[in-house]
Amino acid sequence: MSKKIRSKPLKVVCIFIIVLPFLSGCWDRIEIEERATVLAIGIDKTEIEEEEEEMVTHLKDDSAKEKYGDYKVTVQIAVPGRLPLGPGTGMGGGGDERPVWILESKGHTMSDAITNLQQEISSRIFLGHLRIIVVSEEVAREGLREIGDYLRRNSEVRRAAWLIVSKEDASKYVKAQPELERVAAIYLLATMDQAVRLGKLPNNFIGTFWSTLSSKGQDPYLPYVELKKEDNIKISGLAYFKNDQMVGATTPIQIGHFMGIMQMNPGGYKVLVTVPDVNETVVFESVQRKSKLRIDIKDGIPHARVQVYIEGDITESSNDYKITTTKVIEQLEDVLPKDANVRYSKLVKETQEAGSDIFGFGEYVRAKHPTYWNTQVKTRERWNELYKEMPVDINVTYNFRRIGMKAR
Amino acid sequence: MEYPRQITVIQATIVIFSSVIGVGVLALPHIVVTMGDTGSPFVTFLGMCIAFIGLAFLTLLGMRFPNDSIVHYSEKLIGKWLASIGSITIISFYAILTALTSREFGEVVITAVLRETPLEVTVIVMLLIASLASRNGITVFTYIHHFYFPFILFPALLIVVLSLKNANILYLQPIFGNTQENMLQGTLTVAALFQGYFIFTLVIPHMRRPERAMIASIFGTLLSGGLYILIVIASLSVFGPEELKVLLWPTLELAKMTSLPGQILERLDAAFLAIWVTAVFTTLLSTYTLTIHLLSKLFRLRDHKMLSFFLLPLVFVLAMLPKNILHMYEVIEIVGRLGLLITVVYPLLLFVIALVRKKRGDVNVKKNKEQTS
Amino acid sequence: MLNQRWKKYEKKETKKLQQTIPNVDLEKHKNDKLSGNLEDTIAFIKKYLGENDDFYIHHFRVFGKFQAAIIFLSSLVDKRTINLEVLKPLMYIPQHLEGKTIEQDQVNEILLNDILYNSQGILEDHLADLIDVLLFGRTVVLIEGINEAITIETLQVDKRSIEQPPTDQVIRGPRDGFIESLQTNLALIRFRLHSPDFRVKITTTGKESKVKVGICYIKGIAHPDLVKEVNDRISAIEIDAVLDVGYLEQLIEDHHFSPFPQIANTERPDKVVAQMLEGRVCILIDGSPFALIVPAVFTQFYQSTEDYSERFLMGTLVRIIRLVALLFALVFTSLYVSIISFNPELIPTDFAVAVAGGRAGVPFPTVIEVLIMEISMEVLREATIRLPQQVGGALSIVGVLVIGQAAVSAGFVSPITVVVIALTTIGSFATPAYNAAIALRMLRFPLVILAGIFGLYGVMVGLILIINHMLSLKSFGVPYMAPIVPGNFEGMKDTLIRAPLWWMPKRPSFFHSDNKTRLSKDSLSKIKEPPSNTLDPMKVGNERWDDTDGISSTNNSDPSDDRHI
């Protein structure tokens with residue numbers, strides 16, 4: 001029968017001693033300076049020559065690689081110690097040394113490229129601080145699904161990272177050395193964040209990209225950037241996608257239109273318009289946007305009606321045009337929308353031609369008219385077809401509230 | 001063995017709540033949406049109702065036999081042999097449930113946070129702390145649930161509230177979903193997530209006023225079901241139904257997306273997971289305690305303490321059985337649905353039999369000490 | 001077979017334990033009484049105490065006729081008292097007895113009632129007890145032919161003066177603390193508590209030390225079962241010496257292996273009185289300035305009397321800060337280790353890279369670095385306790401700063417680690433109760449190790465284990481985490497916050513006392529009335545306004561209004 005060990009703590013200690021050797025390893029402990037913190041990644045298309053084959057994940061003649069395209073991945077790794085927090089202390093050799101380290105590698109898939117990269121680096125690649133991923137237009141036009149797959153399965157990647165499409169090679173962005181910030185990745189990030197705060201860009205990170213990619217009634221969009229001289233980055237529009245392939249880009253001001261239709265705040269675009277009948281120009285800045293969307297099914301086709309309300313301030317007017325009374329403002333409010341309606345509709349037409357519903361009208365139909373959706377549509381491809389033909393009416397209303405510090 | 005009758009109604013409610021809310025929350029939106037599409041909040045609500053039926057009958061039985069555990073009164077109702085079979089089924093079901101819960105949580109931790117740690121270690125650690133804590137009596141058991149209650153409720157609510165700024169109402173409509181075919185399946189699976197409530201049968205004999213046990217059941221189910229529904233709504237509105245079919249642990253992703261204002265801490269999922277250990281711990285504690293208490297009553301043992309370490313290797317082996325993560329989820333689904341037979345149908349049958357045979361427990365003998373520990 | 005062997009071993013062990021009690025020799029004479037023979041008695045006493053050089057015998061004659069001896073231990077007695085109050089009156093016949101013949105058998109009675117100037121004289125007739133009382137500082141007067149001895153209380157031991165207790169300092173509040181003498185301590189308590197319900201029971205404990213133990217409680221507030229339990233536990237102790245009340249604590253507590261103290265101790269009489277008024281029992285001992293307070297719950301370990309002396313807002317804030325410091329001290333280092341080593345994605349990117357830079361040259365992993373620093377801090381702390389006052393203060397500051405700075409420059413530790421460790425160490429000083437602070441300091445180490453193995457998950461597992469342990473502790477039956485668990489609303493008004501005094505009219509319920517209210521409803525309603533503004537500049541000297549029974553005045557009781565109703 002049972003032999004009684006007298007004290008209760010003794011029993012507990014015995015159990016622990018037996019179990020403890022199994023628990024004594026620290027498997028996951030990777031010190032922070034042992035990690036290669038990747039801050040930014042740039043993905044380009046490239047051709048991999050025979051000699052360049054790394055053979056880290058596969059043998060030379062393996063046919064598996066044929067399925068995938070070839071990518072060149074450029075990473076920006078933060079070097080521990082060279083990013084001082086406080087005002088730059090004297091130690092560290094002055095400002096010549098770059099606080100980041102740029103590396104390139106090629107591979108057949110994302111995973112392949114990163115593995116090849118890891119072969120060369122001493123520390124373990126850590127994607128937990130990855131804030132921005134730049135994809136070149138070429139890659140975007142081919143399709144982003146593969147890249148997305150790798151990034152999704154990896155648990156370190158945050159859904160709040162930025163994914164942007166660049167006009168030129170993505171590697172140029174990653175290698176950029178801008179003046180305003182010490183680290184290019186932070187500069188890119190700051191540009192994006194600031195743009196969101198200024199109301200110039202929808203708050204669209206990789207998470208929302210994937211969500212909209214999955215949903216049947218909406219197509220995703222990404223910020224589209226261009227590199228200017230002295231390594232400055234300019235946001236030059238939204239890249240809109242059909243499924244996961246890029247089919248076109250808007251102009252910067254069209255982002256404002258887009259945000260108007262989607263009711264994204266705060267408003268931020270300044271619009272230069274000519275006042276008809278007077279031939280003067282006025283610049284106003286949108287401060288708040290509101291929109292109402294209605295989709296009705298008529299004759300088996302959805303008809304969309306969008307009502308956009310924009311509140312704004314007048315920031316500049318040309319020499320002779322004096323804004324003195326309410327009447328003048330009301331006049332502006334009457335006249336300008338006509339212009340706006342045309343411009344907004346132009347944006348919608350562009351996306352319709354490409355068959356890319358970035359506004360999410362499809363989701364609206366799926367939600368509000370489920371029977372119609374279930375019978376007529378059901379899939380994303382069918383919706384893209386329907387979207388091309390869908391009539392969309394846009395009506396813009398302006399409300400100007402303030403005219404700045406000047407009295408007239 | 002223990003001073004009986006100290007548990008208040010509020011504490012009983014909390015016990016139900018924290019026994020139900022556990023590791024299931026992490027995968028819940030994914031599981032429900034795969035079957036229920038945008039109608040998932042409604043499906044969750046239906047699942048809650050079914051679970052409540054089971055709990056209600058259990059409570060009614062407990063109120064009818066305020067001094068006995070289910071082992072004893074099932075013997076009185078349907079005879080020794082049948083009841084033993086029933087009790088053994090319950091016990092093995094809950095042992096399996098403990099194993100699967102710890103396995104699922106171990107998988108989550110290893111995939112999302114501690115990538116190199118072997119699975120065995122995480123599972124053993126969880127099972128160890130559950131078995132250590134289950135050596136205490138029912139009163140301390142209640143204290144433990146009571147204490148951890150705010151640690152479970154507030155992070156969940158916080159995540160829900162913080163994620164609402166990214167919400168998109170369109171994703172929640174149509175309310176009953178675009179496809180209705182799998183709704184029944186979805187309802188059953190959600191109901192299976194409530195099965196922790198069975199611990200209530202151990203709690204009722206120790207309540208100060210067993211006649212108020214029904215109030216505890218109602219509020220406990222409402223609280224836990226409500227939290228489930230809120231989480232489903234939050235994930236659905238942020239991610240949309242299609243994305244949820246792709247993401248394995250949407251609640252974790254929700255936590256990943258939130259960040260405290262001022263950007264003090266970003267990427268909160270590791271912190272959320274750490275806090276969630278308490279929720280899983282309470283669930284494990286309940287199921288494990290249930291297993292060993294019922295087992296000790298079945299074999300008429302004096303106390304349950306020695307079983308707590310004795311069963312540990314067995315449960316561990318059970319936890320290691322599924323071959324990979326997808327297999328594990330399949331097993332969970334099957335076991336969960338079968339378990340509904342035990343947790344919903346069996347109490348219902350017992351109650352009907354009790355009504356028919358007009359049997360009651362000793363209502364007046366409140367100081368009946370031998371059978372109540 | 002194995003069982004039998006075990007049983008034999010058990011028997012041997014218990015036998016060994018029974019033979020430790022000394023004084024067996026004196027025990028034999030327990031029931032011997034005095035004979036009338038002076039020389040015999042003196043010889044008996046000399047047998048046990050004669051070897052001591054502070055043992056005095058003085059022969060003299062009472063009233064000039066009877067042979068007598070006075071015996072005392074000179075180190076313990078007040079010689080002046082003996083000379084003036086014992087010897088002097090014994091040698092002279094008082095006026096009202098002059099001329100009368102005094103028989104031998106009357107002598108003792110006359111001495112006690114008419115002659116001796118001492119109020120604590122007792123007649124003693126057991127030989128063994130004479131030895132006892134001599135050791136307690138009494139003087140023994142033996143008279144030839146009388147078979148009873150007179151023992152007189154003459155104890156005088158030098159005591160230190162009453163000063164602020166060093167372990168429990170407050171900014172605002174009384175500054176007297178207990179000293180080693182039980183009498184003085186009881187005096188300090190009675191000084192604050194003139195209630196007739198306050199009871200003191202004195203017993204002795206310790207076979208060799210035989211110190212006096214005082215068990216204090218307030219009858220009607222403390223539950224009688226509790227008092228009985230305390231009594232039982234103390235009388236069950238059979239140990240050779242109790243040198244400090246801490247020995248008692250260890251022998252009567254419920255869970256001996258827990259790191260958390262289940263009995264509180266204090267040096268402050270006002271704290272003792274407050275605790276007794278809540279229903280607790282207090283234990284004092286001769287020879288130790290600490291008092292034990294029984295039962296104890298966890299929440300009282302971070303409370304101090306200052307919280308109650310100050311106004312409630314201040315008290316609440318300070319208490320919250322203390323609680324934060326306590327939690328901080330426990331988990332901050334482990335959180336630091338787990339975030340840096342396992343989950344650096346939790347901290348902002350700039351900061352993460354900077355920390356990595358700070359750690360760049362350090363040879364050890366974070367866990368080892370933190371453990372080394374922690375251990376050195378603990379060593380430093382222990383060292384500063386033993387140092388004399390002047391050196392100690394300087395060393396602690398110099399030690400932390402200089403050594404820390406030097407270690408960083410040497411590349412031994414990273415600067416952030418030093419900051420973290422310094423913060424936690426300072427945080428751990430915020431807990432007023434030393435025993436609880438030690439518990440938390442100790443528990444920090446396993447948490448750091450767990451954090452080093454499993455990261456945040458490990459910290460949570462460690463915290464869960466600690467909390468589960470605390471939840472299962474009971475101090476004399478009271479759950480250790482009361483009033484948080486089981487929830488008690490009245491009690492919670494005094495845990496995290498310190499509710500204003502008039503919001504806490506009831507005593508804590510977990511002591512189950514019979515007398516439940518401490519603040520009456522009248523005073524509650526008095527406080528709620530608007531203030532009476534006696535010296536308001538506009539109307540100095542005007543009479544006080546009355547209650548208007550719910551009908552508000554025309555200016556709605558605005559005291560600064562000119563108009564008088």
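At what angle do the axes of helix α2 (residues 24-36) and helix α3 (residues 40-64) of chain B cross? Some notes on that and a few other spots follow.

1. Housekeeping: this is a predicted model, with local features needing pLDDT of at least 70 and side-chain atom pairs counting only at pLDDT 80 or more, while totals for chains, interfaces and linings use all residues. Residues are numbered from 1 along each chain as its sequence is written, and chains are lettered from A and ligands numbered from 1 in the order in which they are written.

2. Back to the helix pair: the axes of α2(B) and α3(B) cross at roughly 105° and come within 9 Å. (Axes are lines fitted to C-alpha atoms, for helices over the stretch in contact, with angles from 0 to 180 degrees between N-to-C directions; helices are DSSP runs of H or I, at least four residues, and strands are runs of E, at least two, numbered from the N terminus.) That makes α2(B) roughly perpendicular to α3(B), a label for angles of 65 to 115 degrees.

3. On the α2(B) side the contact is made by B:Val32, B:Val33 and B:Gly36, and on the α3(B) side by B:Ser40, B:Val43 and B:Thr44. Contact here takes C-beta atoms, placed from the backbone, within 7 Å.

4. Still in chain B, helix α15 (residues 312-320) has B:Leu312, B:Val315 and B:Ala319 as its buried residues. They sit on the same side of α15(B), because they cover an arc of only 70° around the axis; the arc is that of the directions from the helix axis to the C-beta atoms. B:Pro313, B:Leu314 and B:Val317, on the other side, are exposed. (Buried means 20 or more other C-beta atoms within 10 Å of the residue's own, exposed 12 or fewer.) The buried residues of α15(B) pack against α5 (80-112), α6 (119-133) and α14 (305-310) of chain B.

5. Chain C has an open, antiparallel sheet of 5 strands, ordered β6-β7-β9-β10-β8; strands pair if DSSP finds at least two bridges between them. At the edges are β6 (198-205) and β8 (264-266), each pairing on one side only. The twist averages 25° from one strand to the next.

6. Within that sheet, β9 (residues 281-285) and β10 (residues 291-294) of chain C pair over 3 bridges, and C:Ile283 has C:Leu292 as its bridge partner in β10(C). Helix α7 (residues 182-192) of chain C packs on the sheet, touching β6, β7 (211-218) and β9, with its direction at about 10° to that of β7(C). Helix α10 (residues 269-278) of chain C lies across β7, β8, β9 and β10, at about 50° to β7(C).

Definitions and conventions: Contact = placed C-beta atoms within 7 Å. Parallel < 35°, antiparallel > 145°, perpendicular 65-115°, else oblique.
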